[in-house]
Amino acid sequence: MNFSEVFKQTNQLCKVSPDGKYLATCVQYRLVVRDVSTLQILQLYTCLDQVSHMEWSSDSLFILCAMYNRGLVQVWSLEQPDWHCKIDEGSIGLVSSRWSPDGRHILNTTEFHLRVTVWSLCTKAVSYIKYPKACQKGIDFSRDGRYMALAERRDCKDYVCVFVCDDWHLLRHFETETQDLAGLEWSPNGCVLAVWDSCLEYKVLLYSLDGRLLSTYSAYEWSLGVKSVSWSPSSQFLAIGSYDEKVRILNHITWKKITQFEHPAIIDNTKTVYKEAEKRPGVGSDEMPLHNITMGATLFNTQSKYEICPLPVQIPVVKPDPDRASPKIGISVLAFSSDSRYLATKNGGFQVQSLNWHCSGDSLILLGKEQLCLCYMDTDQEDK
């Protein structure tokens, strides 16, 4: 494994384009686009203020830069560097901005979640969606990009609205059996919508596209409940991470638990633990001879490898502060491999920002240093 030189960035705004060809970073009010293979700067854009959020369009042709402090969104084009778009939400403010799946519409959420504004880059048309709920994950799109599910709060009750993304008309509107809806997520096949309650109550509900309640799952009561939910790419498994530091797997036929994985503090002899070791070759050594040192020789001058640790291994445990809100305990991140065979999880308050599997399903990409639990999605071999 090789590492490049360090590039400046602000607020961890560093993202690779969906096609894997470009790398975009934000430094204060500047947007820098580099070529992934050479890391050379291709485009440099100047925004009106410091960027709070940055996101690629699905086709890697546009970049969205949101400046929440000023209620502004700027859109830049890679094919036409002179073209740009500016969206000003005015006095109503801005707290969230994101792309639609087609990469030609922008969804802005105003302050106090008064409404969601849908802006079209092609026709300049504007649509308004009222009563969006302020929750962990209140908007989700189906995998094919045809439908959008929106959590709604009205008259002290939770609802789910299903919109058609072609013209943004309302397809379904139904009430959910939740006390305080915390999030929702489509299954990859677009047939089932998972809805879960706040951490004060362990409840996961499964709804069909027409609003029928298919099943309800609750593992326990009177304790902090669901913290994260993730579907497998095959739509056959639903992983639920909770505050009791366990992951429970539901099947798509009966919606019952088929297995669960724990995160022990001591790793015994049934698992393999890898530790990353970095190595910097010295100048003049066999790894970096003096005659090979050039201006670009330091581009990849740090190497690392993973060593197998002798068992048993004691995992460092971070005790949460009971006096602070949102304690850093429980399963906060879940990530399935592309073939649905493996599940990577993050437990506790460690500083990992994201977990992502490589498209091949055999490599795990993480941002930051973290302990991971790798689970084999076969109940007969769950110790691997």
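Glu175 lies in strand S17, residues 169–175. Helices (H or I, at least four residues) and strands (E, at least two) are DSSP runs, numbered from the N terminus. The model is predicted: local features need pLDDT of at least 70, side-chain atom pairs count only at pLDDT 80 or more, and totals for chains, interfaces and linings use all residues. Residues are numbered from 1 along each chain as its sequence is written, and side-chain values use heavy atoms, with hydrogens and water left out.

Glu175 has a relative accessible area of 42%. It is therefore partly exposed, the class between buried (under 20%) and exposed (over 50%; 1.4 Å probe, protein chains only). Leaving aside residues up to four places away in sequence, Glu175 touches Lys157, Asp158, Tyr159 and Tyr207; contact means heavy atoms within 4.5 Å. Glu152 is 23 residues apart from Glu175 along the chain, with 9.1 Å between their C-alpha atoms.

Four strands form an open sheet in the order S22-S23-S24-S25, with antiparallel pairing. Pairing requires at least two DSSP bridges between two strands. Strands S22 (226–231) and S25 (257–262) each have a single partner strand, so one side of each is left without a neighbour in the sheet. Strand S24 (residues 246–251) runs antiparallel to S25 and is joined to it by five bridges. Leu250 has Lys257 in S25 as its bridge partner.

Mean pLDDT, the predictor's confidence in each residue from 0 to 100, is 86 for the protein. Of its residues, 83% reach 70 or more. Over residues 369–384, pLDDT stays under 50. Where pLDDT is low, predicted coordinates should not be read in detail.
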